[in-house]
Amino acid sequence: MNFVSLQYVFFFLVVSVSFYFLPHRHQWKWLLAASLLFYMAGGPWHIIVPLFIGLVGYGAGLLIERTQSPAFRKTVLIASLVANIGVLTFFKYLAFLTDSLLAVSNFIRGHLFASKDLFAAPWVTQILVPLGISYVTFQSIGYVIEIYRGSRSAERHMGFFFTYLLFFPKLFAGPIERAHNFLPQLRERRPFDLARVKEGLKLIAWGLFKKLVIAQQIAKITNVVFSQPDGYIGLPVLLAVLFFTVQLYADFSGYTDIAIGSANVLGYQLMKNFDFPFIARSTTELWRRWHISLSTWFFDYVYNPLAIAKRDWDKWAVVYASVVTFLILGLWH
């Protein structure tokens with residue numbers, strides 16, 4: 001279900017209006033039901049994967065918190081990471097890797113050996129990737145790691161946990177919300193707040209403007225050049241690349257604005273994901289302003305642990321952690 005559609009407008013209107021007529025004890029149930037329906041709009045079977053990821057995260061969190069054995073805690077953590085990353089790899093990367101190997105094999109077979117008998121695409125290249133699987137997986141992994149570190153308590157209410165994990169505004173494109181920021185909000189009463197609703201609607205309108213007026217109009221220019229790269233040289237190519245940067249920002253940040261605005265209308269606060277990245281004065285500052293929820297997630301759960309683990313390497317620990325982190329980020333993108 002696309003944010004920029006009448007289907008979403010109708011869906012969100014029904015969900016938000018009904019939400020404020022419900023008693024507080026039933027509001028999370030309504031949000032969870034709406035989120036499940038939202039996810040299954042692309043196909044009912046799609047929900048199986050995020051439910052599995054959620055069960056792994058929920059169960060691992062409880063097991064880690066309830067045991068005092070360091071060895072068992074570490075085993076549970078590793079098992080949950082393997083399960084989550086394994087599912088993500090299977091759905092998101094197996095087809096990509098298979099397609100790449102197939103393309104290389106057929107190129108060698110056709111060009112070096114002049115063979116007309118090329119390899120056919122196996123069934124794995126037809127795997128459909130469940131929408132938002134990366135965001136659901138990252139949230140589950142971060143949740144379990146925080147409990148393993150002892151910085152957070154495990155959530156015992158399974159309904160609250162799945163509402164956090166599958167909350168529909170942030171499901172497909174983030175932001176990657178932290179459990180300790182969102183779960184407490186589910187326990188608080190969410191009365192109708194006109195000021196918050198107005199702020200949310202403004203964000204939604206601004207996000208729609210970015211996507212429909214800026215991103216889609218720029219796309220009419222960039223698509224012409226990118227669809228025929230051999231037909232353009234010099235200035236048109238340079239302008240297309242520069243325009244595409246603005247297009248990408250307007251499209252992605254616009255989607256995030258709609259997500260955060262939708263959450264605000266419902267009385268919930270999601271973390272900021274973009275902070276005027278084009279006014280950054282350095283690459284480091286740009287990194288801190290662009291896709292903030294992703295960059296901070298990778299800093300906390302990938303870069304920092306790697307740098308600390310190799311701290312005996314002195315400055316090379318930073319180099320090592322940076323290279324590995326950006327390799328993983330590049331593969332994810």
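Let's start with helix H9 (residues 235-265): at 1.5 Å a residue, its 31 residues should span 45 Å, and the end C-alpha atoms sit 44 Å apart, which agrees. The expected span here is 1.5 Å times one less than the number of residues. Before you go on, note that this is a predicted model, where local features need pLDDT of at least 70, side-chain atom pairs count only at pLDDT 80 or more, and totals for chains, interfaces and linings use all residues. Residues are numbered from 1 along each chain as its sequence is written, and side-chain values use heavy atoms, with hydrogens and water left out.

## Exercise 1: the overall fold

Work out how many helices and strands the protein chain has, and check whether its radius of gyration agrees with that of a compact globule.

Solution. 
- Step 1: helices (H or I, at least four residues) and strands (E, at least two) are DSSP runs, numbered from the N terminus.
- Step 2: on that basis, the protein chain has 12 helices and zero strands.
- Step 3: the radius of gyration is taken over C-alpha atoms, and the globule rule is 2.2 Å times the number of residues to the power 0.38.
- Step 4: for 333 residues, a compact globule would come out near 20 Å; the protein chain has 22 Å, which agrees.
- Step 5: for the outline, the C-alpha trace spans about 70 × 55 × 45 Å along its principal axes.

## Exercise 2: inside and outside

Find what share of the protein chain is buried, and what share of its contacts joins residues 24 or more positions apart.

Solution. 
- Step 1: buried means under 20% relative accessible area, exposed over 50%, and partly exposed in between (1.4 Å probe, protein chains only).
- Step 2: buried residues make up 44% of the 333 residues.
- Step 3: a contact means heavy atoms within 4.5 Å.
- Step 4: among contacts with a separation of 6 or more, residues 24 or more positions apart account for 71%.

## Exercise 3: a loop residue

Decide whether glutamate 177 is buried or exposed, then list its contacts.

Solution. 
- Step 1: look in the loop between helix H6 (158-166) and helix H7 (179-187), where glutamate 177 is found.
- Step 2: the relative accessible area is 1%, so glutamate 177 is buried.
- Step 3: leaving aside neighbours within four places in sequence, glutamate 177 is in contact with Gln139, Tyr164, Lys170, Phe182, Gln269, Leu270 and Met271.

## Exercise 4: positive phi angles

Find the phi of glycine 267, phenylalanine 276 and aspartate 314.

Solution. 
- Step 1: most residues other than glycine have a negative phi.
- Step 2: glycine 267 follows H9 and has a positive phi near 95 degrees.
- Step 3: phenylalanine 276 is not a glycine, although its phi is positive, about 45 degrees. You'll find phenylalanine 276 in the loop between H9 and helix H10 (283-289). Its relative accessible area is 57%, so phenylalanine 276 is exposed.
- Step 4: aspartate 314 is not a glycine either, yet it has a positive phi of about 60 degrees. Aspartate 314 sits in the loop between helix H11 (292-309) and helix H12 (315-332). With a relative accessible area of 61%, aspartate 314 is exposed.
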